[in-house]
Amino acid sequence: SRLMDRLLFPNSFGLSYQSFDIEIVPEGCRHHPDLLEGIQEQVLKVATFARGWDEQSLDHMRANFKLGPLYEANSLVLIRKDDTIVGLVGSVNDWRVDGQSLIHLCSLGLLPSAQRRGFLPVLLGILWTLTLCKPEFNEDFRQGRSYISAITQSPYLYAALHNLFDLYPAPEHPVVPDEVRR
């Protein structure tokens, strides 16, 4: 199919949703820095325009936006429309610390054309499913030994995560427990 011919990562697979093409990279993104570098400008545009900023802000983003976390991602989902990235979510979902799992959402953004289409819960579900396929992470989750972290200013992401997990800090959890802070 047309989509399969345009997959960027060698171990990825694709699907179509509405008029969007979605590439799912189950693991190993960080082992392809050349491929990540190839999408860096599109990622910067998503990060800029998802914030409601315009073309004038791109130079500021190039100088200040932290792209390093993208290069640490293990799993990645790219959403394209007409061969242009309009959304992505990446995670470092292979960290184990003191016998516990830590999943970090390191790159997340949706252009306005991809917003309000139900992508965020689906993307988080895909990444969660990929992570739980790993037996040690699945067992950690079942035993309550897994944590998700994200750095965000998005109230939508905050609300989505808050609906799924105990979130810290939160109005009902103003104090972060020692085991979570550790």
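**Aromatic pairs and buried residues in a predicted model**

With a relative accessibility of 18%, W128 counts as buried, because buried means under 20% relative accessible area, exposed over 50% and partly exposed in between (1.4 Å probe, protein chains only). This is a predicted model, where local features need pLDDT of at least 70 and side-chain atom pairs count only at pLDDT 80 or more, while totals for chains, interfaces and linings use all residues. Residues are numbered from 1 along each chain as its sequence is written, and side-chain values use heavy atoms, with hydrogens and water left out.

Q: Is F119 buried or exposed?
A: Let's look at the relative accessible area of F119, which is 3%. On that value, F119 is buried.

Q: How many aromatic pairs does the count come to?
A: Rings of Phe, Tyr and Trp (its six-membered ring) pair if their centres lie within 6.5 Å; planes under 30 degrees apart count as stacked, over 60 as edge-to-face and the rest as tilted. By this rule the count comes to 3 aromatic pairs.

Q: Is F141 buried, partly exposed or exposed?
A: F141 lies in helix α6, and its pair with W128 in helix α5 links distant parts of the chain. The relative accessible area of F141 is 37%, so F141 is partly exposed.

Q: Which residues does D140 touch, leaving out those up to four places away in sequence?
A: D140 is found in helix α6 (residues 135-142), and at 1% relative accessibility it counts as buried. Contact means heavy atoms within 4.5 Å. On that basis, D140 touches R96, G99, Q100, S101, R145 and S146.

Q: Which elements do the buried residues of α2 pack against?
A: Helix α2 covers residues 40-50, and its buried residues are V43, L44, V46, A47, T48 and F49. These pack against α3 (58-64), α4 (68-72), β4 (84-97) and β5 (100-110).

Q: What share of the residues in the protein is buried?
A: The protein has 182 residues. Buried residues make up 41%.

Conventions
Helices (H or I, at least four residues) and strands (E, at least two) are DSSP runs, numbered from the N terminus.
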